[in-house]
Amino acid sequence: MMDLTLRGAVSDRATLDRTAEDLCRSFAISWTAQASWGTWSELADLRSGHPAFVIRHTPEGTGLDTQRWGIGEGREPTTRIPGLSLPWWRRLAERPAQRCLIPLTACTMASSARPGRDRRAAWFALADAPVFTVAGLWRDSGDARCFALVECEDGDLSPMPMIVAAADRGRWLHGSIEDIAALQRPCPPEMLRIGLPRPTAPAYRPLNAPF
């Protein structure tokens, strides 16, 4: 059986096997005319420092954007936010316009460190959802936009990305800070499937025509 554990330092990786057109159709949203970090038809192999599809609210309504994964400049931008209790991140989360959802097929999470060994990261997906959404916060960086995933603040699988169920997506994008804080619960282990749903290959295909 193929070992899907990422050895060494915890790695920021995710996958998505849906095109931009598929996402717009599935989530009943439109492609935003202000997409940053390029306009792509498919982004399958997602890594920190590279673009990913992001769902966010705009003055025109909820739409699909492309943003860089990682807030901040330098060699180590923030890719994962450890909950909403830290003042800086809480202030950003208090503004619904700065919240977003990141659609994924699979993602990595950190596993506990063993004595004398580095922490590792393992792939996971949802057993009953081919595509799921993770909570994120975004901000402007120069002439483009960047995001970071929000993690749950507790749970046996901590640090675990904050998975937002379909019924709670509008709540995350538009609710009060008190309302969205209640969503910071770890996904039940029985809903997780450890491993990649299928082999992945990098795909950065530009969108040649609007849809």
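Buried means under 20% relative accessible area, exposed means over 50%, and partly exposed is in between (1.4 Å probe, protein chains only). Keep that in mind for the tour of this predicted model, where local features need pLDDT of at least 70, side-chain atom pairs count only at pLDDT 80 or more, and totals for chains, interfaces and linings use all residues. Residues are numbered from 1 along each chain as its sequence is written, and side-chain values use heavy atoms, with hydrogens and water left out.

Start by selecting Asp179, in helix H4 (residues 177-181); helices are DSSP runs (H or I) of at least four residues and strands (E) of at least two, numbered from the N terminus. Asp179 is partly exposed, at 28% relative accessibility.

Next, pick Asp168 and Arg185, whose side chains meet in another salt bridge (3.5 Å, N to O). Asp168 sits in the loop between strand E14 (163-164) and helix H3 (169-174), and Arg185 in the loop between H4 and strand E15 (192-194), 17 residues apart. Asp168 is buried at 14%, while Arg185 is partly exposed at 45%. Show Asp168, Arg171, Asp179 and Arg185 together: they are linked in a salt-bridge network.

Last stop: Asp12 and Arg80, joined by a salt bridge at 2.6 Å, N to O. Asp12 is in the loop between strands E1 (5-6) and E2 (13-15) and Arg80 is in strand E8 (residues 80-81), so the pair ties together parts 68 residues apart in sequence. Asp12 is buried at 17%, and so is Arg80 at 14%.

Terms used
Salt bridge = Lys/Arg side-chain N within 4 Å of Asp/Glu carboxyl O.
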